Amino acid sequence: MPPGELTLVAGAPANGGSCVAHHEGRVVFVRYALPGERVRVRVTADRGSYWHAEVVEVIDASADRTDSLCPIAGVEGAGCCDLAFAAPEAVRTLKGQVVANQLERLGGHHWSGEAQPLSDCGPTGWRTRVRLEVGADARPGFHRYHSDELVTDLRCAQLPPGMLDGLTQACSPGDLSPNAQLHVAVDDDGCRHVVRTVRKGGRTATNVVQGDYEATQRVGRRSWQVPVTAFWQAHRDAARVYSALITDWAQPATGMSVWDLYGGVGVFAAALGAAVGESGRVLCVDTSRASTRAARAALVDLPQVDVITDSVRRAVSAQKAGADVAVLDPPRSGAGRDVVDLLAAAAVPRVVHIGCEAASFARDIGLYLGHGYAVEQIEVFDAFPLTHHTECIALLSR
């Protein structure tokens, strides 16, 4: 049995937001610590060969420790902003170290650098969509870390001021039934939309609480009507920044064939389609029917963009010819061996690969390297300030 509390010195940052410490030869992953700090911790989980713990007292603090930028996060609070206690510049350095470590260990690729700010938005107020859980007391809240318990103080620092003001007053008693979820979005017109979902008998029931089911989102001069429950980039500037970078790295030209895989609502397909022109072709694939419906509606003026609702593996397998370039933005689990094998078999010479989880991203990079691709560039963005999450983008060629 592990001891209840220990005094440890935190070491290097680990993937997932903890720091690595050691106790009598055993690895201890410590949350809410910074490298070099001497801390008193409480062991929260025994995984056999290693333990998980959380800080209960900072004995010798790092110079990078600050007052928390999120009033509801921390050991006894919500799991939202797990690095809100560290200076943003230091957090970006730590994120770069984590990505570099994962790439070396899991991908066999050496990279060094730090996470870059996504924009000048700052570390707070950057999120425009959030999902809340409704508890047994009919109050919405954020989950504590790895817990079903909710924190019903809604002042998360990721959210812009006022985003959740009057939320419960906008709901009817039925909207606040236990286990319901409230999806809240503030769109690019400044309008708030609230949609409630709840699972009933294996199906999801949906109703609009406030605003509309679809929110208006813009990148450049193009608009999308995106369901509040569908995927849109969390950071207010992410869609714009990623679209510009990916278009630059993909180098689409008139007449080219491009695959936009895990394409969502078609933000990248819009820019790629405009670049290849009507003599080219962009195949945009996603499994979400809501997202692909939004893509078809937004890109109706681009006949060269073909939007398919299907798995990436089936859609790529069905193609009779390869592509000049492929853009992939897979879920947290990554693209995986089957999809990378298909791209290599199709002899796609240029790939732009996006990853929102460092380990999955690194494993995918290793798969590309195994097929003879070379990494030309990697950018790591601090796209989720106050948290341990990053967004990684790689340009590969063969």
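1. Cys356 sits in the loop between β19 (350–355) and α8 (358–370). Helices (H or I, at least four residues) and strands (E, at least two) are DSSP runs, numbered from the N terminus. The model is predicted: local features need pLDDT of at least 70, side-chain atom pairs count only at pLDDT 80 or more, and totals for chains, interfaces and linings use all residues. Residues are numbered from 1 along each chain as its sequence is written, and side-chain values use heavy atoms, with hydrogens and water left out.

2. An unreviewed UniProt entry lists Cys356 under "active site". Such annotations may be inferred rather than shown by experiment; positions follow the numbering used here, and feature names are shortened. Not counting residues up to four places away in sequence, Cys356 touches Pro331, Arg332, Thr390 and Glu391. Contact means heavy atoms within 4.5 Å.

3. Pro385 belongs to the loop between β20 (374–382) and β21 (391–397). Its relative accessible area is 7%, so Pro385 is buried (under 20%; exposed is over 50%, partly exposed in between; 1.4 Å probe, protein chains only). Leaving out residues up to four places away in sequence, Pro385 touches Lys95, Gly122, Pro123, Trp126, Gln158 and His235. Arg289 is 96 residues from Pro385 in sequence and 30 Å from Pro385 in space, C-alpha to C-alpha.

4. Glu133 is part of strand β7 (residues 129–134). Beyond neighbours within four places in sequence, the contacts of Glu133 include Arg139, His143, Leu150 and Gln181.
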